[in-house]
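Hello,

Here is the structure for you to look over. My notes follow below it.

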Amino acid sequence: MRQAFTEGERWPVRAERVNQLLASGLITREQCDQFIREGAIGSHLENLQRHGGFKGFNQKSVSAIITATDPRKQKFPPQPVAA
């Protein structure tokens, strides 16, 4: 199986929503500033190519793929957010 992702599209985030998350202790000040400055990943496209066709899913494999491809762990240069 081959798997590829597009770079996540960043969507603007309203400052009042981010500040509410910060006040609730759900994100750090650094994360708050980053969301306001760069936006948040709103969508991405996943492409799969399977040789031999679909063979089903199992929880262990799915969990491993989700962990390995978590967009929050990917390091991309900051992209400006359109106002």
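The protein chain has 3 helices and 4 strands. Here helices (H or I, at least four residues) and strands (E, at least two) are DSSP runs, numbered from the N terminus. From that end, the order is β-β-α-α-β-β-α.

This is a predicted model, in which local features need pLDDT of at least 70, side-chain atom pairs count only at pLDDT 80 or more, and totals for chains, interfaces and linings use all residues. Residues are numbered from 1 along each chain as its sequence is written, and side-chain values use heavy atoms, with hydrogens and water left out.

Confidence comes next. pLDDT is the predictor's confidence in each residue, from 0 to 100. The protein chain averages 78, and 64% of the residues score at least 70. Among the elements, H1 has the highest mean pLDDT (95), and strand S1 (residues 2–5) the lowest (64).

Now the chain as a whole. Of its 83 residues, 11% count as buried. Buried means under 20% relative accessible area, exposed over 50%, and partly exposed in between (1.4 Å probe, protein chains only). The protein chain exposes about 6,800 Å², with carbon and sulfur atoms supplying 55% of that area. Areas come from the Shrake-Rupley method with a 1.4 Å probe; for residues, only the protein chains shown count as cover. Contact means heavy atoms within 4.5 Å. Among contacts between residues at least 6 apart in sequence, 78% join residues at least 24 apart.

Next, the helix pair. How are H1 and H2 oriented to each other? Helix H1 (residues 15–23) and helix H2 (residues 29–38) pack at an angle of about 170 degrees, and their axes are 10 Å apart. They are therefore roughly antiparallel, a term for angles over 145 degrees. Axes are lines fitted to C-alpha atoms, for helices over the stretch in contact, and angles run from 0 to 180 degrees between N-to-C directions.

On the H1 side, the contact involves Ala-15, Val-18, Asn-19 and Leu-22; on the H2 side, Arg-29, Cys-32, Phe-35 and Ile-36. By class, this contact has 6 nonpolar, 1 polar and 1 charged residues.

Two residues to look at:

- Ala-15, in helix H1, is partly exposed at 33% relative accessible area. Ala-15 and Cys-32 are 17 residues apart in sequence and 8.5 Å apart, C-alpha to C-alpha.
- Asp-33, in helix H2, is partly exposed at 33% relative accessibility. Asp-33 and Leu-22 are 11 residues apart in sequence and 9.9 Å apart, C-alpha to C-alpha.

Best wishes

Definitions and conventions. Angles under 35 degrees count as roughly parallel, over 145 as roughly antiparallel, 65 to 115 as roughly perpendicular and the rest as oblique. Ala, Val, Leu, Ile, Met, Phe, Trp, Tyr, Cys and Pro count as nonpolar, Asp, Glu, Lys and Arg as charged, and the others, Gly among them, as polar.
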